[in-house]
Amino acid sequence: MADVEKKDTVIIGAGPGGYVAAIRASELGQKVTLVEKSDTLGGVCLNVGCVPSKALIQAGHRLEQAKDGSTYGISTDNATIDFKKTQEWKQKKVVDRMTSGVKMLMKKHHVDVVNGEAVFLSDTQLRVIPTGEKQFMSVDTGATYEYNNIIIASGSHPIEIPGFKFEGRVVDSTGGLSLPEIPKEFVVIGGGYVGTELAGAYASLGAHVTIIEGTKSILAGFDKDLVSVVLKKLKKKGVDVITNAMAKGSKQDDNGVEVTYAVDGKESTVKADYCMVTVGRKPNTDNLGLEYTKVKMNDHGQIEVDNQGRTASEHIWAIGDVVPGPALAHKAFAEGKTAAGAIAGKKTANDWVGVPAVCFSDPEIATVGYSKSQATEKGIKVKTAQFPFAGNARAVSLDAPDGFVRFVYTDDENKNIVGAQAVGPEVSTMAGELSIIVNDGLNVEDVALTIHPHPTLNEPIQETADIALGFPTHV
């Protein structure tokens with residue numbers, strides 16, 4: 001067996017959580033080794049997830065605007081799209097630029113990046129083998145590290161369902177982002193964040209899209225009135241949304257794919273050029289060798305951790321998609337910083353009230369903290385206040401008056417804001433402010449007294465607080 005190499009802090013996975021943890025650990029004086037099995041840095045989010053999907057969404061918006069400017073009195077010829085060039089722009093100008101930036105940051109912070117797959121040998125030793133090597137326990141394969149601390153940030157992978165093997169014209173979200181053409185007919189199985197976002201993007205690009213969702217509504221984690229605004233726009237784009245539907249199977253040939261689904265026991269079929277399955281993701285914890293450590297897992301294959309990311313093993317930490325909580329890149333960012341700080345002896349903790357969630361649907365949705373029903377379930381007596389974008393000058397000038405901003409606040413003299421929801425134009429840009437309001441425990445008067453510039457899309461935040469105080473202005 002090769003000699004054991006001594007390491008200070010090792011991080012498994014160069015996704016959002018892993019590379020940010022590496023940066024923070026280096027800044028705090030640790031010598032960091034980052035192990036990544038793929039040949040690129042940035043993980044799913046940067047390479048085949050949230051970043052390239054936003055590029056396609058933006059391309060779809062631009063095409064829609066170019067096709068019809070009649071609302072503004074603008075006449076245009078029939079706009080067309082060269083999807084090959086769109087894909088090249090998405091890859092070279094967006095993804096490659098961002099991944100090269102991560103690579104530069106690793107170099108700047110003197111992080112040793114190792115390409116390979118990590119397998120635990122014990123609570124203090126790790127084997128790193130060449131990516132794709134099957135005989136990872138061979139004495140002649142890979143390198144053995146003995147570490148002081150290790151952070152698991154190995155991410156997650158798409159769930160494959162029976163009858164829909166990812167091959168050919170049946171794709172996961174990665175394949176959905178890299179289609180060689182804009183499909184005339186596109187079936188999306190699963191109406192969660194990813195399914196709804198990409199369904200809207202391809203509808204904007206000219207595809208006829210059918211969403212097949214197993215529950216009673218798409219975007220099941222959001223309040224109905226938020227989702228209804230998105231559904232209205234999807235319908236306008238011509239998207240068919242089929243709910244309470246069970247996907248049964250698929251048949252494909254060189255020309256297309258036929259999807260069979262059932263509603264209330266009655267089977268139907270729909271034909272498409274491609275079928276994308278986005279029914280959820282599973283944490284990458286199965287093949288790490290965690291059975292050779294003291295690390296404890298829950299029934300969902302997630303690693304149990306405390307509020308600093310520490311596992312049941314003294315030297316092992318975990319962050320991101322492999323631990324409980326929403327599988328969001330910005331949550332992984334925060335957890336990576338917390339774990340790196342805790343290793344350095346800092347009094348860090350993941351003690352937020354709520355993690356902001358954003359769906360880049362059309363229009364966008366942003367939430368943080370409790371909804372009214374969630375607060376009530378927790379025994380918190382609350383009221384709500386809501387301001388419509390129809391009363392916002394900037395939204396009206398953008399021809400995007402649909403949606404609203406809402407606060408959930410305590411029904412007492414303090415009126416502390418415990419939750420916020422928004423649906424409307426570019427509400428992703430206000431999610432950070434909403435997170436500050438909720439996580440810092442501000443009350444409606446604090447927000448009402450905060451001057452927001454006019455005319456901007458963030459003004460409804462202040463307007464909603466005015467309503468909560470009983471002094472509405474522009475409604």
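Leaving aside neighbours within four places in sequence, F186 is in contact (heavy atoms within 4.5 Å) with L179, Y202, A207, H208, V209, T210, A272, Y274 and M276. The model is predicted, with local features requiring pLDDT of at least 70 and side-chain atom pairs counted only at pLDDT 80 or more, while totals for chains, interfaces and linings use all residues. Residues are numbered from 1 along each chain as its sequence is written, and side-chain values use heavy atoms, without hydrogens and water.

F186 is also listed, with Y202, V209, I211, L219 and I365, among the residues with the most contacts inside the largest nonpolar core, which has 33 residues. Such a core is a set of buried Ala, Val, Leu, Ile, Met, Phe, Trp, Tyr and Cys residues joined through side-chain atoms within 4.5 Å, buried being under 20% relative accessible area with a 1.4 Å probe, protein chains only. At least two residues of this core come from each of α3 (50–67), β9 (185–189), α6 (193–205), β10 (208–212), α7 (224–236) and β15 (274–277); helices (H or I, at least four residues) and strands (E, at least two) are DSSP runs numbered from the N terminus. Another core, of 25 residues, lies apart from it and includes V368, A422, A431 and L434.

Five strands form an open sheet in the order β18-β19-β22-β21-β20, with antiparallel pairing (at least two DSSP bridges between two strands). Because β18 (357–359) and β20 (382–388) each have a single partner strand, one side of each is left without a neighbour in the sheet. Strands β19 (residues 364–369) and β22 (residues 417–424) are joined by six bridges in the antiparallel sense, and G369 stands opposite G419 in β22. Helix α11 (residues 431–439) packs on the sheet, touching β18, β19, β21 (404–410) and β22. The direction of α11 makes about 165 degrees with that of β22, where axes are lines fitted to C-alpha atoms, for helices over the stretch in contact, and angles run from 0 to 180 degrees between N-to-C directions.

Key
Buried means under 20% relative accessible area, exposed over 50%, partly exposed in between (1.4 Å probe, protein chains only).
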